[in-house]
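Have a look at it first, and then read on.

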Amino acid sequence: MKKGYIWWWVLPSAILFLGIILVPFITAATYSFRALSFTDSTAQGQFVGLDNYRRLVFDKDFYNAFKVTFLYMIPAVAIQAILGMILGLVMSGAVRRARILVPIMLLPTLLTPVVIGLVGTLTLNPDFGVLGIPLNRSGLIKEAVLGSSTWALPAIILVDTYQWTPFVAVILLSGLLALPKEPYEAAQVDGANPLQTFFRVTMPLLWPYLVVAMLIRVIDAFRIFDIIWVMTRGGPGTTTEAVGIYAYRHMFRYWDMGYGSAMIMVLFLFISIMVEYLYKALTTWQGAGETA
Amino acid sequence: MAKITVQNLSRQYKSGEIQALRDVSFECQDGEFFCLLGPAGAGKTTTVKLVAGIESPDGGEVLLDDTPVTTTEPWERDVAVAFETYALYPQRTVRENLTFPLQAPGRKDAWPPAERDKRVVEIANLLGIGELLDRFPRQLSGGQRQRVALGRALVRKPKAYLLDEPIAHLDAKLRHRMRGELRRIQINLGITVLYCTPDQLEALSLADHLAVLNEGRIEQMGTPKDVYERPANVFVARFVGDPPMNILDASVDGNELVVPELLRLPAASAVQDLLARNSNGKTVKLGVRPKDLQIVPESSSEAQVKLGVEHVQVMGETSVLTLRTDSVELHAKLATENAPERGSNVGLVIDSASCHFFDPETERRIED
């Protein structure tokens, strides 16, 4: 067979990859170096070097968007990791007998975030929401939850947790079901209590799975858009305006493609560096990935 | 230290599909080195787990010092286990792995910190892992990990030690040394050891008593000498001893034993009596250890049969010959200096007094 022939076989997926990933990415990358706005007749796509990036550096709202993203991401991922672990442990006992539990548990994760966001909005409505009414009547939160600059972000974290905890739990569950039995038996003979068994045996053996789950969640959380858009559109004020929302506003509200693209590029770089660093930090934890 | 008694133990897996143990009973005396010998899947590890209390039997009892412990939790039984798969705590150093059994809840009081540290260093040095105390399991080789696993069992002073193939993954030289060390430790400390191994040589050289397990059943129990000299059936005969015993179908013809298409050998009068009394009169399975096959020159008048040497395996001082006719393959063991060339022909002499006889149907030993 001629060597060149083989490329025909890769062509379809190559076209797909180029078309839907590489081309948009490169387009966005080139836009970020241009002045391109549909609402500004002086910005016709001329090359402006690093102007967009320079503007970003002095954009207070952009920093705010980063802050909001972190204020949402850190508690959300932490809570999902802990709840996911608990749920995974509970499930691992039951799931061997009832496999059907897994898809049922995954339902929130399988639904689109827009639906989950709507469900969250309705649930928290102070007039007819299942959670909104008691919160309002008991006087715990007097204002509408999503209209409160204090409670809007926690509400988003809550809804996000509702959607993604099962996902973390299922990854950990698959890990738990694959763990070797002997270390547990050794701990039993050694007389370890359940807490010691968890921290000496389960955690270190499960760590690689937890790392994967958390990395996926961090990347996802950093790009959050739909849940926030449906629930608060970034408000009240800018209290829930994460980077994704802020970039969307500039690109598709103000139609400033150049500036929006620069934001996307910064976000992309930031995620890449953070993931790389996080991955190293997490995997160098003692014994990670080893089942000695 | 304590006596371990196991009565009519049985255990199934996968709801009865696999019968791991069938009615196993044995007694390991206080201060005794007791071996469970058997091929993979024979039920050795299952027995250890049941004695340790990691799993519960489907039937039968486990007793420590005549006290039933079948329903007692593992840590209350006070036995130590060395696992074949190491089962070390991955994110703890060797020192912490060895210390943990001494500081687990409920045992803390028995081991004040100073004494505990001393004990750990003492055991580590005994096992030759003294320099590795501050390493993590992932930084150790397989053999080193196995010694840590063994150390974690030995560090305590429990009623009994259950060692599941504790030196299987060491290199040959170290294994030989550890075998001697284990036996020395066991005798010096007077400890009770239940020891699993698939290695017949290990079992024979270490054990006071041994039980040969096969498919969840005990095939034979006794001292190493008993088991080697008087194997209870064909399985034991072939499993114990290396190379395995030659088993030939033979029939009795007057005062001769006839192995079809191979040879006729005169039966000693004791053998004639034995077979007359116990066999169904006609056929037996004749077993003869490779070392009992006498090789003589082809031309010798003693030779009962002439055979071609297909293969010569030199194993140092001794060599193993593979002899073959069209239908039979025999192994003979002899001093290397007397070993013939590959491809040559030799004469063979079998002395009926050195033979073992088994019933052709039940494969049980025929004896007085």
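Among chain B contacts between residues at least 6 apart in sequence, 66% link residues at least 24 apart. Two residues are in contact here if their C-beta atoms, placed from the backbone, lie within 7 Å. Keep in mind that this is a predicted model, in which local features need pLDDT of at least 70 and side-chain atom pairs count only at pLDDT 80 or more, while totals for chains, interfaces and linings use all residues. As for names, residues are numbered from 1 along each chain as its sequence is written, and chains are lettered from A and ligands numbered from 1 in the order in which they are written.

Chain B has ten helices and 20 strands; both are DSSP runs numbered from the N terminus, with helices being H or I of at least four residues and strands E of at least two. Its C-alpha trace spans about 75 × 45 × 35 Å along the principal axes. Out of 368 residues in chain B, 43% count as buried. Buried means that 20 or more other C-beta atoms lie within 10 Å of a residue's own; with 12 or fewer it is exposed, and in between it is partly exposed, the C-beta atoms being placed from the backbone.

How is chain B divided up? The domain assignment gives domain 1 (4-239) and domain 2 (246-358), with bounds that come from an automatic or database domain assignment. Taken over C-alpha atoms, the centres of domain 1 and domain 2 of chain B are separated by 39 Å. Each side of their contact gives five residues. On the domain 1 side, these are three nonpolar, one polar and one charged. For these classes, Ala, Val, Leu, Ile, Met, Phe, Trp, Tyr, Cys and Pro are nonpolar, Asp, Glu, Lys and Arg are charged, and the others, Gly among them, are polar.

Setting aside neighbours within four places in sequence, B:Leu9 is in contact with B:Leu21, B:Val24, B:Leu50, B:Pro57 and B:Gly60. With neighbours up to four places away left out again, B:Ala42 touches B:Leu213, B:Asn214 and B:Glu215.

Now for some strands. β11 (residues 246-253) and β12 (residues 256-259) of chain B run antiparallel and are joined by three bridges; strands pair if DSSP finds at least two bridges between them. B:Asp253 sits opposite B:Glu256 in β12(B). The two strands form a hairpin with two residues between them, and B:Gly254 in the turn has a positive phi of about 65°. Next, β12(B) is joined to β13 (residues 263-266) of chain B by four bridges, again antiparallel. Here B:Val258 stands opposite B:Arg264 in β13(B). Three residues lie between the strands of this hairpin, where B:Glu261 takes a positive phi near 60°.

Finally, where do the chains meet? Between them, 20 residues of chain A are in contact with 25 residues of chain B. On the chain A side, α8 (182-190) and α9 (194-222) are the elements that give two or more residues. The largest share, seven residues, comes from α8(A). By class, this side of chain A has nine nonpolar, six polar and five charged residues.
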